[in-house]
Amino acid sequence: MEHTAAYLGLIPLLPLTGALVIGLLYMFTCTTNPLPEKLYGALACVGPLLSFFLALVVFFHLKGLPPEERFLVHNAYTWFAVGDLHINMGFLADPLSALMLLFVTLIGSLIHIYSVGYMAEDKNYGKFFCYMNLFLGAMLILVLGSGPVVMFVGWEGVGLCSYLLISYFSEDTNNVLAGNKAFIVNRIGDLGFVLGMSVLFWAIGASGFDYLSLRANAHNLTPAIGITVCLLLFVGATGKSAQIPLYVWLPDAMAGPTPVSALIHAATMVTAGVYMVARFSFIYAHFPIAGSVVAWVGILTALLAAIFGMFQKDIKKILAYSTVSQLGYMFAAVGVTAYSAGIFHVFTHAFFKALLFLGAGSVIYALHHQQDIWKMGGLKDKLPRTYWTMLIGALALSGVPPFSGFFSKDEILFSALATGHTGIWFIGVLVAGMTAYYTFRMIFLVFHGAPRDKEAFDHAHEPPAVMTIPLVILAVGAAFAGVLNLPAIFGGSLNVSQWLEPSLVEHHGHASIWLEIMAMLASIGVVACGVYIAYKKFGQGAEEPVFTGFAKIGYYKFYVDEIYNAVFVQPYKGFGSIISRFLEPKVTDSGVKLSSWLYQKAGTAFKALQVGYVRIYALYMIIGLSLMSLFLSQTIN
Amino acid sequence: MIQHYLILSIILFCLGILGVISRRNVFTVFMSIELMLNAANLAFITFSRLHLSMDGQVLALLVMAVAAAEAALALAVVILLHKHKGNLDTNVFSLLKG
Amino acid sequence: MFEYALSVMIFLPILGGLAMLLMPISRGASRITGLIVSLVVLLMGIELFLGFTGTGGMEYLENRPWIESLGISYGLGVDGISLLVLMTGAVLFPMVFAIFTTQSKGYYANLLIAQGAMIGAICATDLVLFYIFWEIMLLPIFFMIGIYGGPKRLPATLKITIYTIAGSLLMLAALVYVGVSYHNQFGKWTFDIVQLGALDLGGGFAILAFLMFMVAFAIKIPLFPFHTWLPDAYTEAPTATTFVLSAIMAKIGVYGVIRFVIPVFEVEFVRFAVLLSLAGVVGMMYCGLAAIAQKDMKRMLAFSSASHMGIIAVGVFCMNTQALTGSLFQIAAHATSTGVLFLFVGLMEERMGTREIGDLGGIAYRAPIFATFFAIAMLASVGLPGTSGFIGEFLIILGAIKFSGFIGFLAGTSLIIGVCYMLWMFQRVFFEKENDRTAAFPDLNVREILTFLPVILLIIGMGIFPQTFIKKIEPAAQLQIAKVFAMTQSQVAETTVPKPGHNNHKN
């Protein structure tokens, strides 16, 4: 028992050590005598694989315990303690974090292996793996942290790695700008997180600022403070998980290498916000108003991103918007207090979205960094393994039964309906159709029809096994992960939800089985329509259309980036230069300038008295002496 | 009775001041200063007589000695000034003008 | 021998510096002397830190009468409040001697004198003694900027000197007032800060004296709107001087407020806390915004430094244990991170002859070690968890939220503001395309790596194991806050303590 708990600290430490070793090796050798890539590749995979192994140990240990005792806490040391604030560098494994742990380490390991092949020609091989390991370590701290502050360490750590990896190809200014954007937008969210934590601490943190103590004290929260905390924390979640209004960084984040997009910007980091809301379910569940805000923001983000996704032509941008859209679903789920459904969608989404990204990576790799889907086509026979695995991913993403996405998405939509959020359910179904449409638009344009760029097509070849094996493993997950949480109507017993039960505070809605079946049929029908329309338009090959009207606005993403630029970025910069050009020298410094000016003027005034003639000075002297005598004679009497 | 001496002393002193302020020749200024010193001496002696104390006389002697020394120094300075500028008009020496 | 540790730490550098000026030794020899002296001080500082028990009271006390008729004594001591400030003064100086090899003998001598005076100001427990060291501190700065500074050094020197002396004179007047008040109340003279704490001041004159003290410290910190000397002085000063100014001297301003103003003027302090903390956040935002418009790296860092000092000041004015401890911790964290950044910029200027952001680019490809070190210091300065910057900033924001939600929110925006200009600069200097100038940039050599490594490790260590430091400073902070509340609550019931619903006695 104690023994297993001690592993918890080791789980994040292993990749972090890997990052340190790789980083040091790379830092000291890259300019003089670069080390072989194989060394870095091998070193990089050790940490994640060992962590995965330990995660399995922890998972099975928890499984062996009775459900209400499934908590492992390992407090490594006191991080800092000031007054009532006592923060342990503590790690907590409970069903929720164990589930996250399991798939983060699994997918993390797979993507590391994939990257060994994908990054083979990159000259900064070591740097890449250093960042990747660092990321995994930070992500594991985020997942395992026993309280909000430790979680925040991972939270910011993954943000940093995200920045470093987005701006990885840093010679191109645009990539660095995308990285900056990601970091800064995330920081806006982090402000919400920090403020939320602070308010929470002053409300109920005095007797322990970790999840278990907070959960025990959560009933002491007044509605005003509780809702404030929920909303502030949610601001943090919108930053990290790319929700309205802070979603803008994620599409730009595709500037990073594709494995990064798969790992960080699809499977793990961006779901941290959902995880956080689920972590704080003991607060959110008490305040349905805050939950509704979360749910509505989520579903509107899902809708908006789906609209953008329908018009993109960069394969990674399509996937990016689809990620934003799916994250919206997850928030809709946690917003209507269906935390387990949200987390289950996080889980399945990690598989199929990582799969799709890695598949897209294979395509890009095969076509020598071509990302425009209008320049692809007919790759089905050239890249059979990629095609079949991606097809599974696409089916899962679209929510086609019996692939994993169907079950998780359906659970969310049903929960929305069962808790009386009909509007959310309706938009959710609509988005499901749009998702099916844009996913298959991508599949058809990339793999079907005739090749649009003949030369690239001829040179295309299936990537090496180190890249395709992870694809196959992920495809298995994407196809069958749904079985883990079969609802009652399919004869299952919601295993994942039951597993998560001890970690979460849920209010289950009640609805009849017929409603459930109807809802399911409705979404299947809409998905079928989406796929059919995509097939009609693109299945036989199509030419790149010229966007007009709504499509054009959609392609330019409703000009949100431009609006943000005009409303926030430019005024910010302008304000900076106003301060440095005008306020600082002319206004703030004016007090100082004024006093020195006064001294000068006074000097000039007194200068007139300095005539330079001895006799005049004598006169002054006499006047002065006379006045002094006068004064003395007056005061003495 | 005693105030006549003092009035004379004040008159002499004022004449000296007027001389210092209004005359431009260095020598005249110098002589005016001597006049003021002597006015002061007169006052000293008067008070010495009034209080029947020797202090005033001692001071008057001291002033005379200082005046003699000063005269020697001042004349040397005047000669230098003349060498420097070629005349003895005080308005020529106005380096301190602001 | 160790009972005189503080005196030795003060006078060894001062005497060393003076001796260096008098002896006919070469530039290299004087640098070595400086290095040795500062290393001795460093070792003594470490020994002192390890021996410090952290119970909240003064340790390593030295006290002997000096001008007995006025109750002025030569009193030295260290407690949790001064410990980390003292440590920054002791730890950071050897780096300066180790890195910069091209300065003249007088420069090294001035550096040593500055160190001694700063340590003196930090350790003094007597108000007059503090004032004397406070003034001595300015002299070497005056010479270092005035003689060895950049092209526009003369106006900058005049500005900083006259500005700070004006403040100091106000402090002198207020100091006399405090002494006289004590004499009137208790019938004897003393300037010992512990005894002055018993003083019960009130009325308009006390407010005036409080403001005079605050202006003196606000100029040194510098607190908005008294910061205008800073960009000029920091930019024109030679790198090592800028480093000393930002890493240590500015901190003594904050330290002075905590040590000398709060215990004497509790009531006035509480009354003005909202206004002062507002000045802190406004300064933080103002300088942070100004930083993004700078073209000169050093000037940008100068504004960044002022911005951080604003947030440190907020922590002091929020009056709870978390915020005060956060400020004390952040003092050390900021000294290491921003101080090192100034040194890095100096290094770049030395090697490439420019520090215009627009002229640089792509340094990360040529000099990965330098870039990594720089990035770590930069991340600490923007408060990334895992580095020293986070702990202090988090505690300050946490405390500020308790003090007032609005101030807390504004203080929190430092998370965003800091990262904007830092990333912007990092992008232009270390990423993007390299040019002829940066292509020739050599990476750090072994000597430089060995010099910077301890500080870089310190930055990370302070982020991962902050409790080592916090447990020594926290009791003192708690004591200080408890005293303030004991005084104010017994004296004035209606003072403007915000959020009366909250329970203040434990925090």
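The following paragraphs describe the chains of a predicted model, their contacts and some of their local features.

Because the model is predicted, local features need pLDDT of at least 70 and side-chain atom pairs count only at pLDDT 80 or more, while totals for chains, interfaces and linings use all residues. Residues are numbered from 1 along each chain as its sequence is written, and chains are lettered from A and ligands numbered from 1 in the order in which they are written.

Chain A contains 26 helices and two strands, where helices (H or I, at least four residues) and strands (E, at least two) are DSSP runs numbered from the N terminus. Along the principal axes, the C-alpha trace of chain A spans about 115 × 60 × 55 Å. Of the 637 residues in chain A, 56% are buried; a residue is called buried if 20 or more other C-beta atoms, placed from the backbone, lie within 10 Å of its own, exposed if 12 or fewer do, and partly exposed in between. Contacts, for which the C-beta atoms of two residues, placed from the backbone, must lie within 7 Å, were also sorted by sequence separation: in chain A, 82% of those with a separation of 6 or more are accounted for by residues 24 or more positions apart. Chain A is divided into domain 1 (291-551) and domain 2 (603-637), with bounds that come from an automatic or database domain assignment, and the C-alpha centres of domain 1 and domain 2 of chain A lie 95 Å apart.

Strand β1 (residues 72-82) of chain A is joined to β2(A) by nine bridges, and the strands run antiparallel; strands are taken to pair if DSSP finds at least two bridges between them. N75(A) has G90(A) in β2(A) as its bridge partner, and in the hairpin, which has two residues between the strands, G83(A) takes a positive phi near 60 degrees. Eight of the nine residues of strand β2 (residues 85-93) of chain A are buried, so this strand is largely enclosed by the rest of the structure.

A hairpin is also present in chain C. Here six bridges join β1(C) to strand β2 (residues 72-78) of chain C in an antiparallel arrangement, with E62(C) standing opposite L76(C) in β2(C). Four residues lie between the strands of this hairpin, in which G71(C) takes a positive phi near 70 degrees. R64(C) is found in strand β1 (residues 59-67) of chain C and is exposed, with 8 other C-beta atoms within 10 Å. When residues up to four places away in sequence are not counted, R64(C) touches S73(C) and Y74(C).

The largest nonpolar core has 434 residues, and those with the most contacts inside it are A332(A), A354(A), A478(A) and V261(C); such a core is a set of buried Ala, Val, Leu, Ile, Met, Phe, Trp, Tyr and Cys residues joined through C-beta atoms within 7 Å. Helix α15 (residues 339-366) of chain A gives the most to this core, with 18 residues. Outside the four places on either side in sequence, A354(A) touches I107(A), I111(A), A262(A), A266(A), A267(A) and L474(A).

Of the two pairs of chains that touch, chains A and C have the most contacts between them. This contact takes 49 residues from chain C and 44 residues from chain A. Elements giving two or more residues to the side of chain C that touches chain A include α12 (266-292), α14 (321-352) and α22 (467-491) of chain C. The residues on that side of chain C divide into 29 nonpolar, 14 polar and six charged, where Ala, Val, Leu, Ile, Met, Phe, Trp, Tyr, Cys and Pro count as nonpolar, Asp, Glu, Lys and Arg as charged, and the others, Gly among them, as polar.

Chain B is in contact with chain A through 12 residues of chain B and 10 residues of chain A. Helix α26 (residues 614-636) of chain A provides the largest share of the side of chain A that touches chain B, five residues, and by class that side has six nonpolar, two polar and two charged residues. Chain B and chain C, by contrast, do not touch, their nearest C-alpha atoms being 23 Å apart.

Chain B itself has three helices and zero strands. The radius of gyration of chain B, taken over C-alpha atoms, is 16 Å, well over the 13 Å that the globule rule gives for 98 residues, so chain B is more spread out than a compact globule; the rule is 2.2 Å times the number of residues to the power 0.38. Buried residues make up 13% of the 98 residues in chain B.
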